[in-house]
Amino acid sequence: MKIKNIPFSPPDITDVEKKLVMEVLDSGWITTGPKTKEFEDEITTYCDANNAVVLANASAGLELILKVYNICEGDEVITTPYTYVATSNVILHRGVKPTFVDVKKDSFLIDEQKLAMAITPKTKAIITVDIAGVPVDYDAIRAILKEKNREDIIFISDSAHSFGGIYKGKKVGAQADFNVFSFHAVKNLTTAEGGAITFNDNKFKGKEDLVKEFKITSLQGQSKDALAKMKAGAWKYDIITDGMKCNMTDINAAIGLGQIRRYEGMLTRRKAIFEIYTKSLDNKEWAIIPFTKDEIRETSYHLYTLRLKGFKEAQRDELIQKLADIGIATNVHFTPLPMFTLYKNLGYSIKDYPNAYNQYANEITLPVYSTLKLEDAEYVVNNVIKCAEEIISK
């Protein structure tokens, strides 16, 4: 059998993106400017939200919300241990030790009932995570906050994976108080590096103009952006707050504009790859097929998070290596945070999050990207089956 080289998640860049980037390079203005605003407008429309602010990355978006609402030492923020470290590191940056709530049994998503029990008078924010592109049940979270008379808690969705996902008939983007997306190089839609906050209420919790405040805070607290300052005679500015530096550039936004204009076609291809994998794996007793769709939610088809019934960590790792040996790159999403040195040193133990560990121990993420040929998807899944069954038969 001829060995193919199947990378895990290369970007889908075409002449559309290249043309838009060249327009920026030729314009004489390459940092935050008109293309950034254009991208924000298109995100707002796509997500059926009232507002969007684009940033250097999703991590900055999460931290910006916590900073603008002055969540800091002495407050509590609840999140899940089953996520990439960015979700919780931003909480640490604010001087807060995250309160982790385990995922539901046989799910990658936070356990709503355990979340309800974790709320205390000090809880100021909850950050849920749409793992693999699957939206959490946003209304279930809101119902818990209402039942506990804690609708003062800021509900943030780390939607890094779920751009293009659907919740109750609408695109993900305006269900939480804030949805935060990632446009990193491996995401469905990329700007190389980038992210966005989407939300409906521009006066949320008494703010005069939240879009303006996010933008000022993302630019060192400066009252004028660089484009405005560069106009003849307009050099004076003020520093209003101790801001961050996490604005998006027009170069990144130009890539994003090309991506978002092609995005539905990219999603269609990702869905087709999911269907190829599932069709081949569905009759395998050892294969636990990832969630794709139910009556209220549909994934963005970001990650194919296959789990292998009865596999231990070592067997899963052996499968990853066997596939790598024949040119197929796979991954694991995610190592639960309490397993990392940083979080162990902070006093967390994976023993306290058994459901998270069980999801991780036998999970393998198969390659899904919009330039993957369907015949190569067949090659991937056929070899996953072959290699997995070789391990099982030992």
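Biologist: Why does Asn-70 count as exposed?

Modeller: Its relative accessibility is 51%, and exposed means over 50% relative accessible area, with under 20% called buried and partly exposed in between (1.4 Å probe, protein chains only). Asn-70 therefore counts as exposed. This is a predicted model, in which local features need pLDDT of at least 70 and side-chain atom pairs count only at pLDDT 80 or more, while totals for chains, interfaces and linings use all residues. Residues are numbered from 1 along each chain as its sequence is written, and side-chain values use heavy atoms, with hydrogens and water left out.

Biologist: Where is the place of Asn-70, and what makes its phi worth a look?

Modeller: Asn-70 sits in the loop between α3 and β2 (76-79), just after α3. Helices are DSSP runs of H or I with at least four residues and strands are runs of E with at least two, numbered from the N terminus. Phi of Asn-70 is near 55 degrees, a positive value in a residue other than glycine. Most residues other than glycine have a negative phi, and most peptide bonds are trans.

Biologist: Which other residue has a positive phi although it is not a glycine, and is it buried or exposed?

Modeller: Tyr-301, with a phi of about 60 degrees. Tyr-301 lies in the loop between β11 (297-298) and β12 (304-308). Its relative accessibility is 7%, so under the 20% cut-off it counts as buried. There is a peptide bond to note as well: the one from His-333 to Phe-334 is cis, with omega near 0 degrees. Phe-334 belongs to the loop between α10 (313-325) and α11 (341-345).

Biologist: What makes α3 mostly covered?

Modeller: In α3, 10 of its 11 residues are buried, among them Leu-62, Glu-63, Leu-64 and Lys-67. At the start of α3, a side-chain oxygen of Asn-57 reaches to within 3.3 Å of the backbone nitrogen of Ser-59.

Biologist: Which elements give two or more residues to the lining of the largest pocket?

Modeller: The largest pocket is lined by 30 residues, and Tyr-84, His-161, Ser-182, His-184 and Lys-187 lie nearest its centre. The elements giving two or more residues to that lining are α3 (58-68) and α4 (86-93), and the largest share, three residues, comes from α3.

Biologist: How do you know what is a pocket and what is a cavity?

Modeller: On a 1 Å grid over the protein atoms alone, a cavity is a set of points where a 1.4 Å probe fits but cannot get out; a pocket is an open set with protein on both sides within 12 Å along at least five of seven lines, and lining residues have an atom within 4 Å of a point. Volume is the space filled by probe spheres set on the points, with points joined across faces, edges and corners. The largest pocket holds about 500 Å³, and there are two cavities of 30 Å³ or more. The largest cavity has a volume of about 80 Å³. Its lining has 15 residues, of which Pro-10, Pro-11, Asp-12, Lys-187 and Asn-188 lie nearest its centre.

Biologist: Why does Asp-250 have no salt bridge?

Modeller: A salt bridge puts a side-chain nitrogen of Lys or Arg within 4 Å of a carboxyl oxygen of Asp or Glu. For Asp-250, which is buried, the nearest side chain of opposite charge, Lys-35, is 6.7 Å away. Lys and Arg count as positive and Asp and Glu as negative, leaving out His and the chain ends. Asp-250 belongs to helix α9 (residues 250-281).

Biologist: What does the side chain of Asp-250 reach?

Modeller: The backbone nitrogen of Lys-35, at 3.1 Å. A polar contact is a pair of N or O atoms within 3.5 Å, where within protein one must be able to donate a hydrogen and the other to accept it, and residues adjacent in sequence count only if both atoms are side-chain atoms. Another example is the polar contact of 2.7 Å that joins the side chains of Asp-317 and Arg-316.
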